[in-house]
Every structure is written in structure tokens, then in C-alpha cells.
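Here are a few exercises to work through with the structure open beside you. Try each task before you read its solution.

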Amino acid sequence: MTVTQPSILESGHGLFNTHVTLEDVEHVIQEQFKTVSKLGRNTKLTVVGEGNGIMSRIILVEPEWTVPDDHLPLKFILKIPFCLHMQGLIEKMRATNPMTKEQEAGLWMMFETEVQGVHNREININKIMEKWNKSDVLLCPKLYFSKQFDSENKSKGFIGMEYAEGASVRHMFMNVKPRELYPVLKSLAHFQAGGLLLTDEELKSISGFDLEKMAGTLMNEDGIKGMLQQTREMNPERFTEKVNKIESFGYEIVNFELGCHLNKYMGIQKDVVVHGDLWAPNILWTEKNGRFSVNKVIDFAGIHLGNPVEDIVRLFVSTLSGSDRQKYWEKLLEKFYEYFLEALNKEAAPYTLEQLKESYRCYFVFGGIALFPMFGHVAQAKLMGCTETDKLLEYKEVITEKMECLLEDVTRWHLHSRNVTKNYKKPVSRN
């Protein structure tokens, strides 16, 4: 008899409404750590990171090991794919962008498949990075154990990884100083450089991400209209004129061809490995005496091959104040490229600094618009937990300033890049 497996899209009876039980985790730990130790009854489980993302349940596990074993972690993070957060987001989308039952069913089916693929690729890239033995530069957490999805397991995937003690997130409503991003840029540079040496088998293990498929449902014509209306409603007085300007361009503002195939138009001959979700909540910081230092870069779930600025646009827009981003983006790109050349260790670079800068200008519109919901739904949901009135007003002003500059630059760079695909001429091969 064929047993129907539960859908990852549905609430489960496992840990914190997922389908993963403590026994599932315990079995994988015993198998992969080669231990007989179990998670005792005094093991403490705490959900952390709520509001920082929409596709995972993040749990801090403080185990009581039944058999002492020096190589077992004292604490670890358990990451479980979890789609129920998406329901609230889709509900809000539905309010401004009505969908038929068939469209919504198709959206959910796509999410189910993609969530499973995203999870497996994240495990694979973490295993690859471990081989590089550069965790001090890459700033990635150590992978302890994992369970992938497959044809026989469609609902019980999870990852156990290093816990960054004392680290915290500086969310989108907090501003990071440009120089504070240097370690992240160095990490990204070494990540890209390492990715250029992947074997065919390794490349296959992290392939499958389809940006147009993932974004297409959310960034169709009605979806963009809904995003712009929601943005206008965030602050009608300060956003209306800027939103109206973007609306005047029509749907040409979303250039999937340029956003998804940027390397071709920039003349970059080789794709690089892209983190895919490098934004404020995926950088962990340590604070000491009022000074912040980067502790970890996390969440490689969006791993794919593409253009080097895909991560950089997302990073700059979500962490820097709008004015700092506008003022320092070129200098920061120059610093990144310096790190990149160092990481290549005299190997030929697959792109020039000018190609990097022009990629930034041309990708900014697509990458910037994709962040609109994060300034809206995600940031606002996170702010709801703030009980300090003065802080709340400060945070809202940070979000407003960032969004004002983002709207300005979406218009600016659209005017710069809108004819790139129309005027494209394939380079002549010179043999």
C-alpha cells in the first residue's frame, strides 16, 4: 500500500508545527556523528529568528546528551523548511493582487518543489565550503548534520549547524556603516573565487534555482502594481510622487531578460556562484563596547550561478542607509574587487571592475524592486514586536529613508539601463 506523505505546505505534528520530530533529529545525529548518545528529556528547544525570514523555522537546541561525548555540540541551530509563514504573505498579496484558485494552487505547488530544492542545495554548498577550509574568511557556520529531501522523504528535511553565541541581527530598520561591511565583502569575494573551481559534480549539486520561475509569480504585472500600491501606502506623503514616477514606466520596469541573463549583456563570459539571499537578517553581528563586528554570514538557501552584483545590490540596499549607499557604492565595489583579486591568487578574473560597476547599475532595478516586500511586509511584521516608542519612531524613519533612496535609484537606473537588451549586439568572435 502506498502511503501518502504529508505536504511541507501544511502544519505538522512535529517540532513547532513542522513535520520533523525530535526522534528524527536524534536518529540523524546518531548516524552522522556515529554516537549512541540521545537527546535527553531536559533538552531545551527555543524558536529564534522569528520575523527574519519566511521559509524556515529556526530552533536553538540546548541538548542534554544521555552519553557524554566530546565531539557533540553543547548547542546547535536546527533549521527546518517551514512554509506556513508564506500564508500570511500570500494573504496580503491576495488583498491587492487577486488570484484565481488555480493560480494560487499553482503558486503553492511551485513553492513546495522549490523549498525542497533550496534546502538540498543549501546542504550541498555547505559541504563544499567545508572542503575549502576557509571558514575564518567565509564566516560560514559549521555544518554538524543534515537530512535532505528525496522521493521517499518530502516533508522531513533539516540542517543542524553551529550556534553563534552572543551574535545578533541588525535588521533592515538599522543602518550599518559602510566600513563595517568590509568583512562581508571579503567573505563574498572568497566565496565567488572558490566557486570558480567547482567540479562538474559540485556544480550539478547546487544547480536548479530558477530566478524567473521563483520571482515571476510575484513580479508579474499585477504583482508589481500591488507592490507599488503597498509602498505608496507605507508613507503617502513621502512616497507617492516617487511611486507615481515608477508607475509611469509601466511593466517595462521589470526586465526579466536583463535581470536573469545579465552576464550576457555585460560581456561576462563565466557565471559566478551567488549566495542568493545576502541581506540584513542573514548577517550575524557581535557587539562589544558599542562597536559591531561581523560574526557569521548565514543562509545559503538561494545558492545559484549568476552575476556577481546580485548579492551586492541586496546587501547594500538592506544594510546601508540610503544616503550612504548612494555615496559609497562605487568605493565599496572597488574594495570588493580588491578582495576578489586577492582571493583569485593571480588567476585570471572572469570580469573587470568596470563590468562589475555596470552590472550594478543595470541589475539595481530588478534587484531593488524584489526587495520592496521586505521593506513592507517583513520589516513591518518585525517592527510590531518593538515596544519602545522612541526606538520605533527611529526604526520607521530608517526604513522610510532607505525606501525613498531606493525609489529614486530604481528610477535613475531604469533610465540608464532600459535600452540595454534592445540595443544588444552579440560580440563578434575573433579567432
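**Exercise 1.** How many cavities of 30 Å³ or more does the structure hold?

*Solution.* Bear in mind that this is a predicted model. The search gives 2 cavities of 30 Å³ or more. Let's take them in turn.

**Exercise 2.** Which residues are the closest to the centre of the second largest pocket, and which helices and strand each supply at least two residues of its lining?

*Solution.* 
- Step 1: the second largest pocket has a volume of about 290 Å³. It is lined by 19 residues, and Cys260, His304, Leu305, Gly306 and Glu310 are the closest to its centre.
- Step 2: at least two lining residues each come from helix 7 (211-216), helix 10 (256-260), helix 11 (262-266) and strand 10 (304-306).
- Step 3: sorted by class, the lining of this pocket has 6 nonpolar, 8 polar and 5 charged residues.

**Exercise 3.** Work out how helix 13 and helix 16 are oriented to each other.

*Solution.* 
- Step 1: helix 13 (residues 322-344) packs against helix 16 (residues 389-417) at about 40°, and their axes are 7 Å apart.
- Step 2: angles under 35 degrees count as roughly parallel and 65 to 115 as roughly perpendicular, so the two helices are oblique to each other.
- Step 3: Gly322, Ser323, Arg325, Gln326 and Trp329 of helix 13 meet Glu401, Lys402, Cys405, Leu406, Glu408, Asp409 and Trp413 of helix 16. The residues of this contact comprise 4 nonpolar, 3 polar and 5 charged.

**Exercise 4.** Why does the ring pair of Trp329 and Tyr360 get its label?

*Solution.* 
- Step 1: the count of aromatic pairs comes to 18.
- Step 2: in the pair of Trp329 and Tyr360, the ring centres are 4.4 Å apart and the planes lie at 5°, so the pair is stacked.
- Step 3: Trp329 belongs to helix 13 and Tyr360 to helix 14 (residues 353-370), so the pair ties together parts that are 31 residues apart in sequence.

Conventions:
Residues numbered from 1 in each chain as written. Predicted model: local features only at pLDDT ≥ 70, side-chain atom pairs only at ≥ 80, totals over all residues. Heavy atoms only, no water. 1 Å grid on protein atoms, 1.4 Å probe; cavity = no way out; pocket = protein on both sides within 12 Å on 5 of 7 lines; lining within 4 Å. Points joined across faces, edges and corners; volume = space filled by probe spheres on them. Helix = DSSP H or I, 4+ residues; strand = E, 2+ residues; numbered from the N terminus. Nonpolar A, V, L, I, M, F, W, Y, C, P; charged D, E, K, R; others polar. Axes fitted to C-alpha atoms, helices over the stretch in contact; angles between N-to-C directions. Parallel < 35°, antiparallel > 145°, perpendicular 65-115°, else oblique. Contact = heavy atoms within 4.5 Å. Phe/Tyr/Trp six-rings, centres within 6.5 Å; stacked < 30°, edge-to-face > 60°.
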